[in-house]
Amino acid sequence: MRTSEILVIYAQELRSAVRERSIVLNSVLLPIFLYPVMFWLIITGVTFAEGLAEGARSRVTVVGLPEEHQEILDSLRATNVVEVVEAFGTRTESEARLARGELDVVAEFLPPAETILRLPGNFEVSLVYDRSLERSRRARQRVEGVVERYRERWLSREARGMAISREEIEGFRIAGRDVATQQQLGTMLLSETLPLFLVVMVAIGCFIPAIDTTAGERERSTWETTLTLAASRGSILAAKYLYVATLGVLAGVLNVAAMFLSLGAVMRPLFSRAGDQFQFSLPWLAFPVMVLGTVALALFFAAAMMILAAFARTFKEGQGMVTPVYWLALIPLVLGRGTETTLTAFSAAIPVANVAMMIRDAVRGVFLWPLVVETMLVEVGAVLLLLVLARTILNFEEFLIGSYNGSLWRFLRERFLLRRAATSVRP
Amino acid sequence: MAFLAGTIPAAPRRDFRPPVSASPLSTSGAAVWVEGLTKTFYDESRGEVHAVDGVNFQCRPGEIFGLLGANGAGKTTTMRMLSTILRPSAGTARLMGHDVVAEPEEVRANLGFYSASTALYPRLTARETLEFFARVNRYPPELVAGRVGELVHRFGLAEFQNARVEKLSSGMKQKVSIARTVVHDPPVLIFDEPTVGLDVINALEMQEVIREIRDEGKAIIFSTHIMSEAEKLCDTIAIIHAGHILASGSLEDHRRATGKYYLEDIFVYYVRDGGALPVGRSDAGGAAPGADGPTGDLPPSEG
């Protein structure tokens with residue numbers, strides 16, 4: 001292999017890539033615009049849905065309201081977003097109307113259960129609603145809010161009448177206090193999303209280039225042209241591999257950059273609306289770890305996808321063959337999401353998932369350096385294994401000239417499991 | 001309209017030592033030397049198939065060596081072995097002294113390979129294409145720009161040199177293809193059925209280019225199944241059938257040996273009628289025809 005010929009072929013591949021719309025879209029534009037566009041769509045969608053829901057009046061039927069609590073009805077009407085519908089018949093009939101969509105909530109007032117504070121006039125409210133409907137859920141929230149506020153007023157009045165404090169009448173209550181800082185909340189959010197998106201984006205970045213440079217070449221009849229270049233097969237393979245990995249890294253880096261740029265402008269306002277305050281920042285050591293992880297992911301995906309795509313004779317065939325790599329990579333990621341565990345000696349031995357966990361730890365400010373080293377060694381080992389496999393496959397002539405008609409699995413089965421003695425298949 | 005504005009410029013050999021190693025030619029002076037070349041394939045329905053079986057030939061500088069055969073005769077397989085795309089099952093082939101198995105990169109650096117199945121990279125411009133092939137095929141980097149400029153001018157590509165190949169007409173693509181084949185000034189060129197799919201005018205222009213390249217002293221291996229092309233172009237014609245070279249020699253040799261005038265008849269004589277005896281070139285594969293071959297079809301008078 002010569003560095004000069006690798007560079008010439010690599011440059012040619014990159015130059016071709018930037019002129020192919022699908023590659024630019026998947027490896028450059030998608031990573032950049034995914035977050036801003038996605039978050040913009042979320043905000044727009046949420047705002048639109050909220051607008052629609054806010055404007056809709058909730059139809060509520062109140063059943064069994066004690067005379068002394070008629071104030072609740074006035075409170076409901078005073079909201080202007082609740083329409084109190086007169087109850088007809090029994091509770092069962094009201095629920096039937098709810099099921100038909102004629103009502104949004106049935107509020108039934110019941111005598112207090114034995115276990116509830118025995119205050120004269122005390123009551124229990126049962127809110128019957130349809131959770132599968134947004135307007136019914138919203139109606140429940142509205143009624144619950146009104147009743148809760150009334151309950152507070154009523155309890156306070158009763159306490160004053162009994163010359164005791166509001167707390168005494170209530171017995172005990174559970175109070176929660178969030179000790180997480182805005183910074184910690186931001187870190188939690190980043191550690192959940194960033195590794196997942198990074199893996200997906202690096203995979204997407206490699207996807208089209210891996211197919212384009214293998215199956216795409218066969219489809220365009222340039223594969224044989226490439227084979228007649230004075231460069232060695234190893235140089236050609238290396239150049240193509242580096243090209244695919246480069247676009248994978250590019251997609252990953254652009255994605256992370258776009259994510260941080262869009263956080264302040266898009267995500268923070270989004271969460272503020274929901275009442276949450278987040279602050280997004282990363283420990284500086286997380287950046288080199290992320291870069292390392294991105295490169296490792298790109299090298300892995302590039303090798304795996306190129307091996308699979310090289311068996312295809314058309315671009316379309318290649319897409320079908322490479323797609324399973326996505327799912328295989330995502331399975332451990334999805335399973336590992338939401339867990340608080342850090343990288344362990346066992347999880348560091350699982351390619352792709354180990355890098356995602358390593359990045360997640362780094363985002364949280366956890367740097368388990370021996371496990372980081374193990375992760376990188378495992379990734380390098382996996383990549384080397386894939387490259388050896390690619391080199392071995394490339395030595396089979398029928399594969400090289402594109403006359404082989406089958407998948408990687410069939411090829412491995414025939415050549416290594418069944419050990420077919422054939423030298424080559426007719427071109 | 002002439003295909004070329006002038007003859008194809010040779011590299012300025014006086015001023016530099018070509019990067020392609022100038023290994024000595026074989027003792028016979030052949031640029032291409034093939035002996036016992038064999039390729040065996042495995043076919044699921046037929047088992048082992050000898051696509052090329054013990055082929056021998058030589059091609060000297062300034063010679064067009066034609067492989068004439070029907071589809072499936074073994075022409076393309078032979079060409080692919082010479083260009084190191086395929087590995088021979090047995091036998092030897094050397095280009096400019098380099099063995100196709102032991103020194104494949106050196107062989108390819110000394111070779112320009114043109115065939116219908118070697119398309120151009122569609123997203124590169126014509127100029128970028130030529131620059132890429134020159135660089136990757138080890139043409140001296142400092143001379144690439146000059147060489148590309150010459151070929152752009154000679155092939156009339158100036159107006160389209162910055163257009164992407166995918167946007168060029170088929171005629172322009174053909175010109176770029178030939179230019180990329182010769183851009184690194186290889187001493188040996190292989191043209192594998194180069195006129196397949198071309199219209200008459202483009203096919204004639206292609207023949208003219210090949211003749212000009214031959215006149216520059218290049219060794220050319222040319223495969224075709226079109227008799228008229230072989231008649232007009234080839235200095236030596238080898239008739240290949242079922243992986244064997246049945247006869248090899250100049251058109252005159254074949255005429256004398258078979259007593260037939262037209263190459264078509266000569267071809268049929270060997271392939272279908274099982275022509276008796278071999279042509280008399282000592283390095284040819286198969287047997288040489290004797291002077292006492294059939295004379296049933298008298299040749300028309302020449303001229």
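In chain B, L67(B) stands opposite S223(B) in β8(B). The model is predicted.

- Strand β3 (residues 64-68) of chain B has five of its five residues buried, so the strand is largely enclosed by the rest of the structure.
- In a regular strand, side chains alternate between the two faces of the sheet.
- On β3(B), I64(B), G66(B) and L68(B) point one way, while F65(B) and L67(B) point the other way; all are buried.
- Strand β8 (residues 219-224) of chain B runs parallel to β3(B) and is joined to it by five bridges.
- Strand β9 (residues 236-241) of chain B also pairs with β3(B) in the parallel sense, over four bridges.

**Contact between chain B and chain A**

- Chain B contributes 39 residues to the contact and chain A 36 residues.
- About 3400 Å² is buried between the two chains, 52% of it on carbon and sulfur atoms.
- Five salt bridges are counted between chain B and chain A.
- One of the salt bridges joins R123(B) to D212(A), with the closest N and O atoms 2.7 Å apart.
- Polar contacts between chain B and chain A number 14 residue pairs, both residues being at pLDDT 80 or more.
- On the side of chain B that touches chain A, at least two residues each come from β1 (32-43), β2 (47-59), α2 (104-109), β6 (111-115) and α3 (126-136) of chain B.
- The residues of that side of chain B divide into 16 nonpolar, eight polar and 15 charged.

Key
Residues numbered from 1 in each chain as written. Chains lettered and ligands numbered in written order. Predicted model: local features only at pLDDT ≥ 70, side-chain atom pairs only at ≥ 80, totals over all residues. Heavy atoms only, no water. Buried < 20%, exposed > 50% of the residue type's maximum accessible area, 1.4 Å probe, protein only. Pairing = 2+ DSSP bridges. Contact = heavy atoms within 4.5 Å. Buried area = accessible area lost by both parts, 1.4 Å probe. Salt bridge = Lys/Arg side-chain N within 4 Å of Asp/Glu carboxyl O. Polar contact = N/O pair within 3.5 Å; in protein donor to acceptor, adjacent residues only side chain to side chain. Nonpolar A, V, L, I, M, F, W, Y, C, P; charged D, E, K, R; others polar.
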